Amino acid sequence: MPQHSNLSHLTRLYETASDQILEDYLTFLRFQSISSESEFSPQVNDCALWLKQYLEESQFQVELWEGEGFPVVFARNMEAGPEKPTILLYGHYDVQPVDPLELWETPPFDPVRKGDLVYARGAQDNKGQAMYVIAALRAMAASPGGLPVNVKLCLDGEEESGSLNLKEQLKIKSSDISADYMAIVDLGLFDENNPTVSLGVRGLSAVTVEITGSDTDLHSGVHGGIVYNPNHALVEIMAGLRDKSGRITVPGFYDDVVELPDEIRSKLWSGIDAEIYEQAFGAKATGGEKAYPMTESASTRPTLEINGIGGGYAGDGFKTVIPAKSVAKISCRLVPNQDPDKIRQLLIDYIRELTPDGVTVDFPGTNDGGKPVRSDYQSKIVKAVAQAYSEISGVETGYHLEGASVPIIAELVDAMGAEPVMMGWGMIGDNMHAPNESFSLQRMKKGFITIARMLEIMGGVNDSEA
Ligand SMILES: [Zn+2]
């Protein structure tokens, strides 16, 4: 890989340990640590115990935070001393279920190496990424200078099933978990040769809208022209939520949106355009706000989407009915500093206002998918990760923002009060959450060096000393 000369000591550190890292990685992958299916409980717990031992052998003090659900593996090494910053690294050791099993070309918990790639459930998400983190920590802790900063490590056993135990632990372990900076190492980038730091995730707020016109479905010949058809009411309301420019018309919806600074906007990853998108997904990129480029609509801007709509008869042939009810599911992806509760209330208020006389509206279900999070691009830890990426790739690091939502990140940021960075060497082709998940050993190495270099930079180890 092209790299800056000051990484040679870290490359050596990796290469000295690489056979052992691969062996440990394969062991890690063999645990069937599926947190959402109870039959795998013993395997999830065994995986936590294996990590505990691994970290104890790596000069870390380790605790298993037990509660309902699966343990959080919490480890710390504070040897760097009080004048050095404390960095918390977050990852998870549980994995997604494997179905549909028949689509796997090799057994999901019997890892297979093919050239540079290792295939297994969790190969990337998140065991591959957690592996380079713990391997880098072990190697640095054992090197003559030790770790250049104080390190805390939080490995969640339920990231794929709601992080319920960790959320409880955050309430009682706030002093343990406190840190100056936090790195969430569970994300990825788009182009291995042009790495980008992830500056954030979107939040989510969702609501079910139910329109009722009558107690039972009505004959459209007898009642048509008299009653207000709930389907008509619903589509009129839905049509009122966005205008032709793609802008969401809910009053106050954009009030709290923080625009991206130009300095970041100009460095946003833009490796995909409408044409590439259409080739890849067979869909035109015409759904966003016309005033913003596609990559921004997909990450830095909030959205409102109707996820589902139903009412009356839509089967074969015709049934001339006026439905008693119609229903829609709406979700909004949110950006800083939109608050999910506030946005949901604005949406509900506006839908009430748009509801015509003759039908009633109810909101029988809501879902809170977490708050949006955005890192300060000028924070020390974002700069350190960007520098590490640049030194590894030989090109200037850009930025990107995630379109998706990861609720536990906002909870961690709130609980710790630490400056976050979101990072990782995952890529879309790794098939995370899908059959034939894989991770590349080349990226395992780059991940190891990124973590080690980031910790060096945070600890004030500059080029000449390294
Ligand atoms: Zn993950």
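**View 1. An open sheet of four strands.** In this predicted model, four strands form an open sheet in the order β12-β14-β10-β15, with antiparallel pairing. Strands are DSSP runs of E with at least two residues, helices are runs of H or I with at least four, and both are numbered from the N terminus; two strands pair if DSSP finds at least two bridges between them. At the edges stand β12 (303–310) and β15 (360–368), each with a single partner strand, so one side of each is left without a neighbour in the sheet. On average, neighbouring strands here are turned by 20° against each other, direction ignored.

Residue numbers start from 1 along each chain as its sequence is written. Because the model is predicted, local features need pLDDT of at least 70 and side-chain atom pairs count only at pLDDT 80 or more, while totals for chains, interfaces and linings use all residues.

**View 2. Strand β10 beside β15.** Look for β10 (residues 203–212), which is joined to the antiparallel β15 by seven bridges. Within this pair you can find V207 opposite T366 in β15.

**View 3. Two helices lying across the sheet.** Helix α7 (residues 230–239) lies across β10, β12 and β14 (325–334), and runs at about 15° to β14. Helix α11 (residues 340–354) lies across β10, β14 and β15, at about 25° to β10. Angles run from 0 to 180 degrees between N-to-C directions, and axes are lines fitted to C-alpha atoms, for helices over the stretch in contact.

**View 4. Where α12 meets α14.** The axes of α12 (residues 380–393) and α14 (residues 441–458) come within 9 Å and cross at roughly 135°. The two helices are therefore oblique to each other, a word for angles that are not under 35 degrees (roughly parallel), over 145 (roughly antiparallel) or 65 to 115 (roughly perpendicular). Among the residues making the contact are A384 and A388 of α12 and I449 and R453 of α14; residues are in contact if their C-beta atoms, placed from the backbone, lie within 7 Å. The contact residues divide into 10 nonpolar, two polar and four charged. Ala, Val, Leu, Ile, Met, Phe, Trp, Tyr, Cys and Pro count as nonpolar, Asp, Glu, Lys and Arg as charged, and the others, Gly among them, as polar.

**View 5. Two domains.** Domain 1 covers 5–200 + 372–458 and domain 2 covers 203–257 + 302–368, with bounds from an automatic or database domain assignment. Their centres, taken over C-alpha atoms, are separated by 40 Å. Five residues of domain 1 are in contact with seven of domain 2.
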